Amino acid sequence: MATNKIIRKVTANLLAWIISIISLVPLVLVLFNSFKDSIHASDMNLMLPEFPFMWTNFSNVISKGKLAQSFFNSVLYSVASVALCCILAAACAYVLSRNRSKVNNAVYLYLVLGIAMPINYVALMKVMAFFHFINSRPGLILLYTAMQLPFAIFLLHGFISKVPVDLDEAAMLDGCSPLRLFFFIVLPLLKPALATVTVLTFLNTWNEFVSPLYFLSSSDKWPMTLSVYNFFGMFHTDWNLICADIVLTILPVIIVYLLGQKYIVSGMTSGAVKG
Amino acid sequence: MNKNKTYPFYFTIGALLLYTVLFVLPGIMGIGYSFTDWSAYSDKLNFVGFENFKTVFSADENYIKILTNTLLFTVVTTILKNALGLLMAVLLTKHIKFLNFHRGIIFMPNVLSTLIVGMIFTSILDPATGLLNTFFNSTGLGFFAKPWLTTSQFAFGSVMAVDIWKGLGYIMTILIAGILSISPTYYEAASIDGANGVQAFFKITLPLLLPTLATTTVLNVIYGLKIFDMVYAMTNGGPGKATTEVLYTAVFKMFSNGQYAVGTALSSVMFLFMVVIGFFMIRVMTKNEVVE
């Protein structure tokens, strides 16, 4: 009986390690090969890179792939849409959650439907062209924001319904205006949910590939994902450079993940589990 | 307190406007354009009735294959992610060392860009030098080494497998949260009654997890129907004729070729389909929220 238990425990731990390793191997592979020279990286194996490490791969891709510009673009797109999304979604979700009139409930359902709805990119081109949003940085930021709003509103709506209304009532009795009430009293209380929205919106916009593929033609406006893909096409055989490029592209994502893991998991699982 | 005054409707305008103009409007306009001969080659728009839909659903074109591929992708990845995710969630709610480390690592592929994951796997699945075949050959399992992405026989399966690898951690994490929300008293009662682990799983865990599984299914279906990056990076629809072509990659090709009308017709088929799924999603996800 006792040995049986030990065997089961060992198997369970072993299985967990195997699954973890399978999840990690592709990343380790990319990391190792980003430090090799082009010949050693050509068969993309898991051998440790030899000394000296090829740090030049990184400086190479930064200059060849115009990564500095793309990095700046990605940061701009992500930060701007995170900021816009947080403020618009919070204001909207706040009113829809606090004042559950028939109209507001219908508006809420209409917005949340966007989580499932696909974008018709072909027709979107017409709309984007009408507003001169094609090949434009502000246009892309607004599009990113529109895409992230439904889920952000869903998350904040749920969170706000758990924030007590007593404060609102007290503030209104003291003659506080609706705008002041929202910005100075309610918004600070939403910090945990806004942190989740921030982290998720950042990851989604950083990883976004389809919209820039459709709507950005000039390479100096490309985000990291698009330039890494373009680089992949151009330097098809130099896996050391491709790996270095990939490492630089996913590094911010990994850092955000490690720092904000709590918020990501809570955000992605909210609404999924009755709690 | 006057609710309409305290919570003025204009707070919602910004979000509502952006969402309506850039998200909903193209969907609805797209349905309209589906009945025209809109293309990159002429400035004039003519009404053509159901012509584009006839093209999309006609047997002699590849479009049916595209629709069935998209559905196949969705069904297979949804079922396998749920099944494997459930097994892993059960495993990772047991007494295992470094539990949070394992959960964190297994979730990680999910935050990576789908495009980049696809790119990495074109190397791993390379028939000659790829890591997978090298691994099989060096461990005496050489008969498993296959030309994963270059033959029509394995290409679609390989793309689905990579997608499952990427998305499994997400589903697992949701299911772990679901399992942890089951009251331990059920299991205590079961063990007093002499139930073993398997019985407890089928009689307690699985039934109480059904609502959570409904959610993961809906999320997977929504995600699967919209798949683009993964296919685009790994096979771009090939090898051969439309072997791995899915809806969004096909629409992008039509867009690039200037066949806007057919592209938008195909998008509209999906749009209507997804709106229906969206209603299911809302019912599942907001069950205990809106009705209050």
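Trainee: Among contacts in chain B between residues at least 6 apart in sequence, what percentage join residues at least 24 apart?
Mentor: The figure is 69%. Please keep in mind throughout that this is a predicted model.

Trainee: How many helices and strands does chain B have?
Mentor: Chain B has 13 helices and zero strands. Its C-alpha trace spans about 75 × 75 × 30 Å along the principal axes.

Trainee: And what share of chain B is buried?
Mentor: Buried residues account for 45% of its 292 residues.

Trainee: Let us take one residue there. Where is Trp148(B)?
Mentor: Trp148(B) is in the loop between α7 (131-138) and α8 (152-180) of chain B.

Trainee: Is Trp148(B) buried or exposed?
Mentor: Trp148(B) is buried, because 24 other C-beta atoms lie within 10 Å, and the cut-off for a buried residue is 20 or more.

Trainee: Which residues does Trp148(B) contact, leaving aside neighbours within four places in sequence?
Mentor: Its contacts are Leu125(B), Pro127(B), Phe154(B) and Ser158(B). Leu125(B) is 23 residues away from Trp148(B) in sequence, yet their C-alpha atoms are 5.9 Å apart.

Trainee: What about Thr244(B), buried or exposed?
Mentor: Thr244(B) counts as buried, because it has 25 C-beta neighbours inside 10 Å. Thr244(B) lies in the loop between α11 (229-234) and α12 (247-257) of chain B.

Trainee: What does Thr244(B) touch, not counting residues up to four places away in sequence?
Mentor: Its contacts include Asn69(B), Ala155(B), Phe156(B) and Val159(B), and also Val231(B) and Thr235(B).

Trainee: How many residues does each domain of chain A give to the contact?
Mentor: Domain 1 of chain A gives six residues and domain 2 of chain A gives six residues. On the side of domain 1 of chain A, the elements giving two or more residues are α3 (56-64) and α13 (239-269). By class, that side has four nonpolar, no polar and two charged residues.

Trainee: Where is the kink in α13(A) centred?
Mentor: It is centred on Gly260(A), with a bend of about 85 degrees. The end C-alpha atoms of α13(A), a helix of 31 residues, are only 36 Å apart, whereas a straight helix would reach 45 Å at 1.5 Å a residue.

Trainee: A backbone matter: what is the phi of His132(A)?
Mentor: It is near 55 degrees, a positive value in a residue other than glycine. Most residues other than glycine have a negative phi. Asn135(A) also has a positive phi, of about 55 degrees.

Trainee: Where are His132(A) and Asn135(A)?
Mentor: His132(A) is in the loop between α6 (121-130) and α7 of chain A, and Asn135(A) lies in the loop between α6 and α7 of chain A. His132(A) is exposed, with 10 other C-beta atoms within 10 Å, while Asn135(A), with 14 C-beta neighbours inside 10 Å, counts as partly exposed.

Trainee: Which residues touch the most other members of the largest nonpolar core?
Mentor: Of the 165 residues in that core, they include Ala89(A), Leu149(A) and Val251(B). Helix α7 (residues 137-160) of chain A supplies the largest share of this core, 16 residues. The core lies between domain 1 and domain 2 of chain A, because both give residues to it.

Trainee: Finally, how many residues of the two chains are in contact?
Mentor: 80 residues of chain A are in contact with 82 residues of chain B. The side of chain A that touches chain B has 56 nonpolar, 18 polar and six charged residues.

Definitions and conventions: Residues are numbered from 1 along each chain as its sequence is written. Chains are lettered from A and ligands numbered from 1 in the order in which they are written. This is a predicted model: local features need pLDDT of at least 70, side-chain atom pairs count only at pLDDT 80 or more; totals for chains, interfaces and linings use all residues. Two residues are in contact if their C-beta atoms, placed from the backbone, lie within 7 Å. Ala, Val, Leu, Ile, Met, Phe, Trp, Tyr, Cys and Pro count as nonpolar, Asp, Glu, Lys and Arg as charged, and the others, Gly among them, as polar. Helices (H or I, at least four residues) and strands (E, at least two) are DSSP runs, numbered from the N terminus. The expected span of a helix is 1.5 Å times one less than its number of residues. The bend at a residue is the angle between axes fitted to the seven residues ending there and the seven starting there. A residue is buried if 20 or more other C-beta atoms lie within 10 Å of its own, exposed if 12 or fewer, and partly exposed in between; C-beta atoms are placed from the backbone. A nonpolar core is a set of buried Ala, Val, Leu, Ile, Met, Phe, Trp, Tyr and Cys residues joined through C-beta atoms within 7 Å. Domain bounds come from an automatic or database domain assignment.
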